[in-house]
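This briefing covers helix geometry, the nonpolar core and the nonpolar surface. The sequence and structure come next.

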Amino acid sequence: MNLETIFWGYLPIIIALIEILISLKLSVLVRTIDQWTFTVLISGLNVLSIYILVVILLGAWPNYMPHIGILISTVLLVGQYLTNRKN
């Protein structure tokens with residue numbers, strides 16, 4: 001296992017899993033439709049990104065789509081946190 005695999009494969013998977021857990025925690029604390037919408041979007045993007053990253057780690061052609069998906073879900077997580085903070 002080399003450093004590139006850790007940096008471009010395993011680290012984004014860990015970040016995606018942490019984002020899913022934080023989003024679920026925020027949704028459980030404040031049970032509104034907005035929070036659950038954010039959670040569904042964040043979880044969907046991150047599950048798809050994790051799937052693509054695992055396929056890439058198993059030998060598929062690499063691309064940056066899962067990293068872009070994790071970036072978008074990070075922006076959504078910030079939005080979820082800010083709407084949670086207003087309540």
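How many residues does helix H2 have, and how far does H2 reach from its first C-alpha to its last? Helix H2 (residues 33-57) has 25 residues and reaches 36 Å, close to the 36 Å expected at 1.5 Å a residue; the expected span is 1.5 Å times one less than the number of residues. The model is predicted: local features need pLDDT of at least 70, side-chain atom pairs count only at pLDDT 80 or more, and totals for chains, interfaces and linings use all residues. Residues are numbered from 1 along each chain as its sequence is written, and side-chain values use heavy atoms, with hydrogens and water left out.

**Helix H2**
- Helices are DSSP runs (H or I, at least four residues), numbered from the N terminus.
- Buried residues (under 20% relative accessible area, 1.4 Å probe, protein chains only) of H2 include Phe38, Ile42, Ile50, Leu53 and Ile56.
- Gly59, with a positive phi near 120°, follows H2.

**Core**
- Ile13, Ala16, Ile50, Leu53 and Ile70 make up the largest nonpolar core, a set of buried Ala, Val, Leu, Ile, Met, Phe, Trp, Tyr and Cys residues joined through side-chain atoms within 4.5 Å.
- H1 and H2 are the elements that give two or more residues to this core.
- Beyond its neighbours within four places in sequence, Leu53 is in contact (heavy atoms within 4.5 Å) with residues including Trp8, Ile13 and Ile70.

**Trp8**
- Trp8 lies in helix H1.

Definitions and conventions
Buried < 20%, exposed > 50% of the residue type's maximum accessible area, 1.4 Å probe, protein only.
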